[in-house]
Amino acid sequence: MAASRSAREQLQRSRVLTAAQAHAVLEALSREVPSHPGSAIEDSPQATLLRLIQMPAAQESMETFRAHASPVILAAWPRLSERDRTLALMVLARIGSREGLEFVARTVAAPNGPQGLSIAVILEEVPVESPHVEVLFPALEPLLDAEDSRALEVLNLANRLVAARQLWPHPAATRLPRLRRYLESESENDYGPALAACYALALIPGAEALVLLERATQHPDPEVRLEALYARSRQGVPGAVEALAQATLDPLMALRAREYLQELGKAHLRPQEADDPVLLAKAEMISWLRHPNEFGEEPESIELWDRRVFDWPPTGDRRELFLFLYRYPVYIYGQDEETEVGVGLVGSDTFSLTNETKPPPEGTPEDAYVAHCLWELRQSRDPRAGTLTPDQVRALLGFPPKVWN
């Protein structure tokens, strides 16, 4: 058991660079190696080998895996655990061979096929540039009618393939009632289906699609409204691209709206006020706060607290930094609703040091800059991070010494 664990750890640190090393990995995977029971967080021997195939370290090894890995993985399939099978499907999808993609499609479409996050991570690996993606449809098309998570994930894949001109017509073109259901969903915690529906409607011609997109512009979620504007702009609806240009003035939409205008070749329509540095910094802060790994939604309110230009030690250059105060409601059982105020920085590594920065009156902007400076030095493993004190960082940033009351 100890030897097995040691071998896996060594393999996990390995980098597959050459064709010979790639063939050695495939030869090892072809053996009937008994799985080590391990723990829930340990990779089996097969999983360790599959991860090496998934992430080759050089072009030579990547090309070897693309040419030879699929049949080896398919032969090993009966010996794989359920957990390892999800990883195997991800690798087959990423390789993109005909036989691999056909197997992925059959397995995903099976009545007992992958569900939930598993199907999402599998289908996200499909390379749209693969010459064999045509085997995925119509094999996966029936899943668009499924009453589980597979329908949405297959829709996302279809959107990618249609947008890349690898699939036509869009298989959801005959399923507009399903797209309407996605747009009308009242789930405040997940507007992913509505976003996917808008993207699909951008790729489906016809009056019915335009009617649905017009409704989507009134959706309660700003991201869905923006996606609807983008879709209507792609469809050439009069006034849509101008409305998209105006969306660059809204911090909730500004960053994505700018990207969409650029993609459509309409960046020149952006209002001059949309380039205001404070607006862009606020939009960046909101985008960070909305990430699922952070708060998952926009703040109740956000305001600029401070704005300064520094010679910034972590990056070794001169840059403008922005501090924002943001507020989120806090619900405590049996008490009145309270508001939590946080501090976030934009201009270097966008971040909020919840436990290390304090809003006024407990904290000052200088305190926040010092905390972020030290944090960034630690993140970049700068040797100064272990020796500099907060007072020394204050001096580096040109602040007077902190006066303690």
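Visitor: Where is D382 found in this chain?

Guide: In this predicted model, D382 is found in the loop between α16 (365-379) and α17 (390-396).

Visitor: Is D382 buried or exposed?

Guide: A residue counts as buried when its relative accessible area is under 20%. D382 has a relative accessible area of 17%, so it is buried.

Visitor: Which backbone atom lies 2.8 Å from a polar atom of the D382 side chain?

Guide: That atom is the backbone nitrogen of R384.

Visitor: What should be noted about the backbone of R381?

Guide: R381 is a residue other than glycine with a positive phi, near 55 degrees. Its place is also the loop between α16 and α17. Exposed means over 50% relative accessible area; R381, with 77%, is therefore exposed.

Visitor: What is the phi of R165, and where does that residue lie?

Guide: Phi of R165 is near 60 degrees, again a positive value in a residue other than glycine. R165 lies in the loop between α8 and α9, and with a relative accessibility of 78% it counts as exposed.

Visitor: Which peptide bond is cis with omega near -5 degrees?

Guide: The bond from W168 to P169 is cis with that omega. P169 is placed in the loop between α8 and α9 (176-184). Another cis peptide bond joins F137 and P138, with omega about 15 degrees; P138 is situated in the loop between α7 and α8 (149-163).

Visitor: How does one check the length of helix α5?

Guide: The expected span of a helix is 1.5 Å times one less than its number of residues. For the 14 residues of α5 (residues 82-95) this gives 20 Å, and the end C-alpha atoms are 20 Å apart, which agrees.

Visitor: Why is α5 described as largely enclosed by the rest of the structure?

Guide: The description holds because 11 of its 14 residues are buried. Among them are D84, R85, L87, M90 and I95. The buried residues of α5 pack against α3 (45-54), α4 (59-76), α6 (98-109) and α7 (116-124). After α5 comes G96, with a positive phi near 75 degrees.

Visitor: How many helices and strands does the protein chain have, and what part of the chain is buried?

Guide: The secondary structure comprises 17 helices and 3 strands. Of the 405 residues, 46% count as buried. Among contacts with a separation of 6 or more, 60% come from residues 24 or more positions apart.

Visitor: What can be said of the surface and the charges?

Guide: The accessible surface of the protein chain is about 21,100 Å², and 51% of that belongs to carbon and sulfur atoms. The chain has 41 positive and 58 negative charges, whose mean positions are 5 Å apart.

Definitions and conventions
Residues are numbered from 1 along each chain as its sequence is written. This is a predicted model: local features need pLDDT of at least 70, side-chain atom pairs count only at pLDDT 80 or more; totals for chains, interfaces and linings use all residues. Side-chain values use heavy atoms; hydrogens and water are left out. Helices (H or I, at least four residues) and strands (E, at least two) are DSSP runs, numbered from the N terminus. Buried means under 20% relative accessible area, exposed over 50%, partly exposed in between (1.4 Å probe, protein chains only). Contact means heavy atoms within 4.5 Å. Accessible areas come from the Shrake-Rupley method with a 1.4 Å probe; for residues, only the protein chains shown count as cover. Lys and Arg count as positive and Asp and Glu as negative; His and the chain ends are not counted. The place of a charge is taken as NZ of Lys, CZ of Arg, CG of Asp or CD of Glu. A polar contact is a pair of N or O atoms within 3.5 Å; within protein, one must be able to donate a hydrogen and the other to accept it, and residues adjacent in sequence count only if both atoms are side-chain atoms.
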